[in-house]
Each structure stands twice: as structure tokens, then as C-alpha cells.
Amino acid sequence: MTGKRQTASETLESRYEKFVPNRMRYLNLYRNDDSLGYPSHWHSVNEIEFIMPILNDFSVMCDGKEIELRENEILIIPHGHPHSLLPSKEYGERIVFVADLGLMHQFREYRSLFSFQIPLTKIDQRTPQLQREMCRCIRQLEEEYFSEKKMRNSCIYALVIQIFVMLARCSTLSETAGGGVLYPEKLAMVAEYLENHCGGELTLQKVGEIFGYTKQELTELISRYIGLSFRQWLLNVRINKAEEYLSEKHEYSIGEIALLCGYRNYNTFVRVFKEKKGCTPSEYRKNRY
């Protein structure tokens with residue numbers, strides 16, 4: 001990494017990458033020019049990594065597959081995907097940053113769209129408008145990140161949100177690194193319904209009937225575009241909803257939040273929340289305030 005520009009340090013603990021923030025709670029960015037590469041690691045829940053070469057091509061190994069990136073192509077790596085930066089034969093530079101998706105939970109429509117995991121995604125010339133706009137935002141994000149301009153933090157916050165909004169709006173057009181689209185638009189409607197009704201009894205058959213799908217059709221659609229079963233998807237929606245309640249200054253008890261999110265068994269709720277978020281609901285609420 002270029003010494004003068006580096007303001008975020010990294011440590012590896014059992015291949016789990018932890019960024020040590022300097023000035024941004026929800027963002028760590030650096031200009032990487034290391035030709036030796038970077039060992040395999042992954043990120044925690046709600047963290048998502050962006051890699052964009054700006055001088056010469058670059059390769060990343062992710063989930064056991066080598067992904068080649070040309071200048072100004074962007075690789076988006078969600079949490080839980082082991083990846084490494086491969087050694088380069090020639091000098092090159094790339095912008096790398098990790099953003100916290102948690103800051104987007106304040107927006108209901110975004111929560112509905114991304115209540116499931118964003119897939120591994122490569123943005124390139126197949127979606128030229130999205131690529132141009134993403135490149136522009138990332139370049140501006142880097143400029144602001146290393147500046148001392150007035151309203152710097154507010155500008156960075158707005159740019160991060162803009163990047164995620166572009167990703168959401170163009171998701172039916174952009175292709176994943178595996179070759180498929182992120183999701184069809186109708187699934188966003190299904191996601192919104194799940195969020196609004198996650199406290200009730202929801203079944204695959206019931207949801208399918210509401211949106212005109214058979215159980216088999218909805219199962220295949222969710223599996224193809226989301227990569228989860230209906231049960232796994234609903235679990236994510238419920239835990240994200242619980243996180244919303246815990247993040248806001250509600251007077252609900254943990255037990256009440258469990259019921260609001262469709263959990264009749266308190267211990268099951270605590271166990272699942274800890275598996276997904278790495279801490280108990282009580283610990284999460286305590287750390288927020």
C-alpha cells in the first residue's frame with residue numbers, strides 16, 4: 001500500500017479481516033499498490049468490499065475462482081466470501097474499500113431489496129452506464145476520503161449511499177461474477193411483503209399465492225436469484241427487522257422484539273440473532289447506545 005495515502009490499517013485473525021478505522025465508522029478505504037498480493041480472508045456480516053483497478057489489470061481469487069479485473073472494472077464482494085488479492089507481474093494501483101451496509105438500514109425500501117445477501121458481482125462494460133457512474137463515485141469518494149475539505153464526512157456519507165442506490169436501481173441489469181442477474185424486480189415486491197409481515201405466520205405456499213406463484217415456481221425463483229431457500233430468506237428478513245428495532249430507541253423488550261419478528265421462542269431468537277450478527281440482541285443494543 002502507498003504509505004502516504006494509507007489511513008486504515010488491517011490485521012488478520014484466523015483469516016478474518018478486521019479493518020481498524022481511522023476516521024470513518026462505516027467506511028475504510030485505501031489505495032493499494034502491493035504487487036505481492038494479500039492472503040485469503042473474509043468480512044463480517046454487513047460489510048461489503050469494493051475493488052477497482054485504476055492502473056493496469058488485477059486479479060482476485062474468490063471462492064476458489066480467479067476473477068480478472070481490467071482498469072475501472074469493479075468487483076463487489078459481500079461478507080462470508082473468502083478472497084485474496086493475487087500477486088501482480090507489473091506495478092499497478094487499485095482502490096479498495098469496505099463499507100458497512102448497516103448504515104442503509106434506515107431506508108425501508110433498501111432493506112426490502114437487500115434483505116437477502118448481495119451476490120458476488122462484477123461491474124464492467126456489459127453495463128456501461130452503471131460502470132461509468134460507479135467509477136465516478138468511487139473516484140470522488142477517494143478524493144474526499146483523503147481530503148480535509150469542509151463537510152467532508154457528510155459528502156462521504158452521501159457518496160456511499162449513492163453507490164448503494166445505484167447498485168439497487170441497476171441490479172436487474174448488472175450481472176453477477178457468476179454470470180446471472182442479481183434478482184428480478186418482482187422479488188423486491190416479495191421482499192417488501194416479507195418485511196412488512198415477518199411477525200406473522202408466513203409459508204412458501206401463502207406467499208406464492210399472493211404473488212401468483214406455485215410453491216415450485218417461487219422456490220426455483222428464490223434459489224436462482226437469491227441463492228437461499230425460502231426459510232433462509234425469511235430468517236434473514238426477520239433478523240434484519242430485529243436489528244432495526246434494536247438500533248432505534250424503542251421501548252420494546254428483547255422478548256417483545258422477538259415476537260414482532262415472528263419468533264415465539266425467546267431462546268431460539270437469541271441463538272439465531274447471535275449466529276447472524278455475532279452478538280446477542282442485548283449486546284447489540286448495548287453497543288448501539
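Here are some questions and answers about side-chain contacts in this predicted model.

Local features need pLDDT of at least 70 and side-chain atom pairs count only at pLDDT 80 or more, while totals for chains, interfaces and linings use all residues. Residues are numbered from 1 along each chain as its sequence is written, and side-chain values use heavy atoms, with hydrogens and water left out.

Q: How are the rings of Tyr 145 and Phe 146 arranged: stacked, tilted or edge-to-face?
A: Rings of Phe, Tyr and Trp (its six-membered ring) pair if their centres lie within 6.5 Å; planes under 30 degrees apart are stacked, over 60 edge-to-face, and the rest tilted. Here the centres are 5.2 Å apart and the planes meet at 75 degrees, so the pair is edge-to-face.

Q: Which arginine lies over the face of Tyr 145?
A: A charge sits over a ring if NZ of Lys or CZ of Arg is within 6 Å of the ring centre and within 35 degrees of the ring normal. At 5.8 Å from the ring centre of Tyr 145, the residue is Arg 152.

Q: How many residues apart in sequence are the parts that Lys 122 and Glu 73 tie together?
A: These side chains meet in a salt bridge at 3.6 Å, N to O (a side-chain nitrogen of Lys or Arg within 4 Å of a carboxyl oxygen of Asp or Glu). Lys 122 lies in strand 11 (strands are DSSP runs of E, at least two residues, numbered from the N terminus). Glu 73 lies in the loop between strand 7 and strand 8, so the parts tied together are apart in sequence by 49 residues.

Q: Is Glu 73 buried or exposed?
A: Buried means under 20% relative accessible area, exposed over 50%, and partly exposed in between (1.4 Å probe, protein chains only). With a relative accessible area of 5%, Glu 73 is buried.

Conventions. Helix = DSSP H or I, 4+ residues; strand = E, 2+ residues; numbered from the N terminus.
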